[in-house]
Amino acid sequence: MAKLKMNKFTIAALRKDRKFLIEHLQDSSVAELICSKDEAQEGFRKIDLSSRQQVFERHFNYAEKALKILDNAVPEKTSLFASFSGRREIDPDEIGVIAENSGETVDVINDILDYDKVITDNAAEKVRINTSLALLEPWEPLDIPMDMKETGSAGIIIGSLPKLYSDKELAEALAADSDLVFDFDIVSASRDITCIALFVPKEQRSEAETLLRSIGFSYPSVSCDDVPAAEVQALKAKIDALDKESDEALEKIKGYAEYREDIKNVSDYFAIRADKYRVLSTLDHSDHTVIITGYIPEEDRGKLEAICAKLECCVVEFEDAGEDAPVKLKNNAFAEPAQGIVTMYASPGKDDIDPTPVLAFFYYFFFGMMFSDAGYGLLMVLVCAFLIKKFKPEKSMRNNLKLFEYCGISTFIWGLVYGSIFGNAPAVFYNHFTGKDITMADMLPWPILDQKKDAMAILIMSIAFGLVHILAGMACKFYVLWKHGDKKGAVFDVGSWMIVLVGIAVGAAGTKLSDVVKYIGFGMAILGVAMLILTQGRDKKNPIMRLFSGVVSLYDITSYISDLLSYSRLLALGLTTGVMAEVFNLLSEMLGKSIIGIIPMLLVFILGHVINIGLNALGSYVHTMRLQYVEMFSKFYEGGGKQFEPFTLKSKYIRIKEDNKK
């Protein structure tokens, strides 16, 4: 239940054994390697293996692209809960089998990419053809080729004018101030364009072109050596041929659906190999030896020694990792699910303790107090337990499910305390079908805290729990300072405030209990205040400034008051959950007692509570996290540590069975 002690290791081995070492370190996932691209130490050199790395990265990219193409063509059928099962588990020996069969799978990948290229190219060609068809559409009635320029005696000019012309208007425009002899045919006309074919004597062609340009004439942007109608039919036939070819290519791609798992396997294999060569490029090599350095938890040293012992000539040395060592946390089954909450904030720094055990208890406790419904809590526990047992998820997902399972247990307990089981559903439906008028307090055989009637009591209780939470954070700070030799800081800077806060709390309680308790509490508070005044300026030589600094330090009481008020959210969110549940119960009850009415009543009940669970579970998750980060961590936790990241198989689809990692 702490940060694991880390060692720095150095392995010296024969150069020929480097791949063996890297592969076994990758399989075992016990060590974080120091992969530096800096200059090698004297007598050694780096070996550039980037070309091999790039080959595997390229194959990986091809495999991923092929999978995407395959998924678009034949979507993979997965269940609603498939994400919980995680990656497929394999034995380490299967990696070798995947490598042996990778050649055949690469051929399949190339075929998929080739067929997809056919489809892509055909789609681009169809765009070009459709553009040509759009341009040819106004010219389709033309019964001569668009490229035709002349006959035996006549010149032919085919093009468009930038507005709508009638036969009369066009004839007048061509005849004005001109002795041009012409005939024309309006092929098509619209509001913005008129397509024409003009016939003139050959000797007047130039004059005709000049006249046409003066009124905005332009030649077509498309041409063809056949009549437009025939060209349109040819282009449409070409589109049909492209569609047929694309359909055939798509069917070919669909036929490779059975290779999906093989492609996933080789994708991971190529990613693993690329990562291996990336690491090899950072190692220090001599002509005959290789040096590998990194970090490993002290408790895993035996695993590393066992790997090295498999080689005839391999030496490993360990030393203290120092302050720059990465951080790995290890906690018991109760606290481990909350490690993700800690690392989401920051890994512990060199002077920090592991806050996970303290955070875990308060996280589960406060989440339950906010969500506060026994029915919701029981659902969380059952669903999480089912998912863990059924799908055997990977460690990270399993921890997340365990986190919500423990939160569900707390929610269930707090729901019983508040007398909330899907809100007041048991009482509402009992009254609805019997005509009686009882409450949850009447139904349950134990005394409950009503979130509406006892709101003030719950608020006081919330602030009291908040005080305990803050004191827990301060106790951690006390321990950290004491552990690092700052005993004065522990006693005077932290202990004094703890005495003040506890004294005020005891004194306040004493006003309701007895004068003795009240005097003891306020006496403690006065003692704490005196300690603060006399010690907070101890670094100053001037006695007046020392005393002044001590008095000014009392202003920090405002921040503690602000922190304590933040715990009112324990009441607020719990009340929100309960009230929303009761509202949905009321809405469902209004739908009547008839058989027809029961169905919509159940639908409203189920849908309403699903909405309530979604909204308030999210709110409880976020606000509980905020209480840990802002109210408790601010008292003692610095963070800033570097998380331990072992050299492992960075795979997307497969994982090595944990029992086989050695």
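Before you click, note that the model is predicted, with local features needing pLDDT of at least 70, side-chain atom pairs counting only at pLDDT 80 or more, and totals for chains, interfaces and linings using all residues. Numbering runs from 1 along each chain as its sequence is written, and side-chain values use heavy atoms, leaving out hydrogens and water.

**Stop one: the patch**

Select L378, L382, I409, F412 and I413: together they make a nonpolar surface patch with about 430 Å² of accessible area. (Patch residues have over 30% relative accessible area and no salt bridge, and nonpolar side chains are joined within 5 Å; a salt bridge is a Lys or Arg side-chain nitrogen within 4 Å of an Asp or Glu carboxyl oxygen; areas are Shrake-Rupley with a 1.4 Å probe.) Now colour α13 (374–391) and α14 (395–418), each of which supplies at least two of the patch residues. Helices here are DSSP runs of H or I, at least four residues, and strands are E runs of at least two. α14 gives the largest share, three residues. Zoom in on F412 in α14: at 30% relative accessibility, F412 counts as partly exposed, meaning between buried (under 20%) and exposed (over 50%).

**Stop two: helix α7**

Next, select 205–214, helix α7, and pick out its buried residues: R205, A208, E209, L211 and L212. They sit on the same side of α7, because they cover an arc of only 165 degrees around the axis, taken from the directions from the helix axis to the C-beta atoms.

What covers the buried residues? Show β5 (154–161), α6 (167–175) and β7 (194–201), which are among the covering elements; contact means heavy atoms within 4.5 Å. Finish at G216, which follows α7 and has a positive phi, near 90 degrees.

Terms used: Patches are made of residues with over 30% relative accessible area and no salt bridge: like charges are joined within 9 Å, nonpolar side chains (Val, Leu, Ile, Met, Phe, Trp, Tyr) within 5 Å. Buried means under 20% relative accessible area, exposed over 50%, partly exposed in between (1.4 Å probe, protein chains only).
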